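Here are my notes from going through the model, written as numbered points. Keep the structure open beside them as you read.

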Amino acid sequence: MLLRPITFAATLLLATSGMAQAENVELRLSWWGGNSRHQATLQAVKAFEEKYPNIKVQAEYAGWEGYLSRFTTQIAGGKEPDVIQTNWNWLPIFSKDGTGFYDLNQVANKLDLTQYEPQSLETVTVNGKLNGIPVAATARSFYYNKKKWEEMGIAYPQSWDELKAAGLAFKAKDENSYPLVLDYMESLTLLHSFMVQKYNIPAIDEKSGKFTYTPAQWEEFFQVYKDLVDSHVFPSMRVLASYGKANTWEMKPWINSDWGGIYMWNTNANMYENNLAAPNNKLELGPFFMLPGAKDAGLFFKPTMMFSISRTTKHPEEAALLVNFLMNEPAGIKAMGLERGVPLSKTAYQQLVQDGTIQEGSLAVAGMKSFMALPHNVPTSPYFDYPQFVALYHETIQNIDQGNITVKQAAASFAKNAERIMKRTMKESAK
């Protein structure tokens with residue numbers, strides 16, 4: 001007699017068939033977001049409680065402002081919710097050694113980890129401990145205003161050299177037009193891609209708590225930035241500052257299509273397109289280029305957010321059931337929709353494609369398919385996204401753009417201060 005393989009769903013059904021007779025459990029679930037996310041999550045929670053009547057979920061939700069400070073206070077006192085929406089770059093703050101959150105590998109019988117690619121789970125694994133489920137993933141890609149580039153008569157760049165050539169070509173036709181607009185965080189990740197492509201090493205070695213670049217490589221890092229600015233690829237920080245403190249998609253040159261494209265998260269591309277004044281100005285995904293012989297694209301690849309389980313929860317299995325319901329079960333998937341991005345869960349993605357929620361031709365999906373197909377095995381450390389490090393980079397390129405320091409001086413100063421920030425951060429994370 002042939003035996004059918006036992007699927008995860010069947011295993012979960014067997015494991016929870018006696019749930020109705022189990023004692024009542026109350027879980028706390030917290031998240032940040034806007035009203036549409038709140039309503040979608042509350043609807044999913046209601047469906048979960050209907051399936052598991054012995055489990056009640058207390059929803060704790062708010063906007064982004066103040067969420068981190070409140071969570072910091074909660075976790076310091078051991079009073080954080082059972083299930084928490086968390087940010088990827090919080091791992092160095094709350095779970096440097098991997099024990100800050102519950103290891104989800106321990107509840108794999110309740111949480112279907114097979115729905116996620118190993119690389120995606122690796123991004124939220126610390127010292128072998130799975131600290132969360134990555135809800136969606138994002139990386140930056142090139143998106144171009146098709147009409148603008150056609151008007152300029154210039155083809156999309158297929159290499160780093162062609163990118164600089166496009167900048168000079170734009171400048172020759174219109175001093176105020178640029179192929180791209182990059183804020184400081186976008187330029188930081190673009191430089192990161194270049195360095196990974198050339199040297200095939202991560203910027204940060206988390207085990208040693210140090211940056212991997214030599215003084216010469218730091219100098220090259222900032223020289224690439226200056227070369228791109230000098231080639232008119234994107235406006236300098238000095239030029240951007242002249243438009244005030246608005247977001248780049250709100251600046252007049254973007255709205256009027258003076259700037260021809262962005263290097264942006266796939267999840268944010270629509271926001272830029274929607275702010276173009278002319279209705280026939282649309283963005284389209286451009287080619288992502290790599291240095292000859294590069295083995296890795298150097299993507300700043302990260303989860304948009306995670307669902308983590310508290311290390312102090314008294315109900316880890318029930319908490320895992322809740323996360324699994326939100327991420328992998330039909331009723332939870334339907335309720336959550338795209339409120340947290342295009343899901344990484346294979347079953348969620350398939351369901352939302354089939355019901356028309358995910359449009360295959362959208363910018364977000366096109367970008368995701370593009371970066372997922374690129375080699376991205378060199379990991380990006382969440383320390384690279386640490387606010388103090390990012391602020392130091394911003395200050396450094398401002399000084400370069402203002403002519404206050406040379407590239408060589410910038411590299412030396414930055415390396416020294418970045419190491420100091422890293423050392424202090426690692427020390428604070430260890431407490």
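**Notes on helix packing and a few residues**

1. Start with the pair formed by helix 2 and helix 13. Ala44, Ala47, Phe48 and Lys51 on the helix 2 side meet Glu318, Leu321, Leu322, Phe325 and Leu326 of helix 13. Sorted by class, that contact has 7 nonpolar residues, 2 charged ones and no polar ones. Bear in mind throughout that this is a predicted model.

2. How do these two helices cross? The axes of helix 2 (residues 35–51) and helix 13 (residues 316–328) come within 10 Å, at an angle of roughly 125°. Angles over 145 degrees would count as roughly antiparallel and 65 to 115 as roughly perpendicular, so helix 2 and helix 13 are oblique to each other. The crossing of helix 2 and helix 13 is right-handed.

3. Staying in helix 2, have a look at Thr41, which lies in this helix. Is Thr41 buried or exposed? Thr41 has a relative accessible area of 0%, and buried means under 20%, so Thr41 is buried. The Thr41 side chain reaches the backbone oxygen of Arg37 at 2.7 Å, and it also makes a polar contact with the side chain of Arg340 at 3.0 Å. Leaving aside neighbours within four places in sequence, Thr41 is in contact with Leu29, Trp31, Met336 and Arg340. Arg340 therefore turns up both as a contact of Thr41 and as a polar partner of its side chain.

4. Next pair: helix 8 (residues 184–199) and helix 9 (residues 215–230). Their axes come within 10 Å and cross at roughly 125°, so helix 8 and helix 9 are oblique to each other. Helix 8 passes helix 9 in a right-handed crossing. On helix 8, the contact is made by Ser187, Leu188, Leu190, Leu191, His192, Phe194, Met195, Lys198 and Tyr199. Helix 9 brings Gln217, Glu220, Phe221, Val224, Tyr225 and Leu228 to that contact. By class, the contact of helix 8 with helix 9 has 10 nonpolar, 3 polar and 2 charged residues.

5. Lys171 is worth a click too; this residue lies in helix 7 (residues 160–173). With 35% relative accessibility, Lys171 counts as partly exposed. Where does the chain come back towards it? Lys171 and Ser231 are 60 residues apart in sequence, yet 8.6 Å apart in space, C-alpha to C-alpha. Not counting residues up to four places away in sequence, Lys171 touches Ser177 and His232.

6. Which residues of helix 16 (residues 363–373) are buried? They are Leu363, Ala364, Val365, Gly367, Met368 and Phe371. Among the elements covering these buried residues are strand 6 (133–138), strand 7 (140–145), helix 12 (269–274), strand 11 (283–285) and helix 15 (346–354).

7. Finally, His376 sits in the loop between helix 16 and helix 17 (387–401). His376 counts as buried, at 12% relative accessibility. Which partners does the His376 side chain have? One is the side chain of Gln119, in a polar contact at 3.3 Å; another is the backbone oxygen of Leu374, which the His376 side chain reaches at 2.7 Å. Setting aside residues up to four places away in sequence, His376 touches Gln119, Asp296, Leu299, Phe301 and Phe371. Of these, Phe371 is one of the buried residues of helix 16.

Notes: Residues numbered from 1 in each chain as written. Predicted model: local features only at pLDDT ≥ 70, side-chain atom pairs only at ≥ 80, totals over all residues. Heavy atoms only, no water. Axes fitted to C-alpha atoms, helices over the stretch in contact; angles between N-to-C directions. Helix = DSSP H or I, 4+ residues; strand = E, 2+ residues; numbered from the N terminus. Parallel < 35°, antiparallel > 145°, perpendicular 65-115°, else oblique. Left-handed = near helix turned anticlockwise from the far one by under 90°. Contact = heavy atoms within 4.5 Å. Nonpolar A, V, L, I, M, F, W, Y, C, P; charged D, E, K, R; others polar. Buried < 20%, exposed > 50% of the residue type's maximum accessible area, 1.4 Å probe, protein only. Polar contact = N/O pair within 3.5 Å; in protein donor to acceptor, adjacent residues only side chain to side chain.
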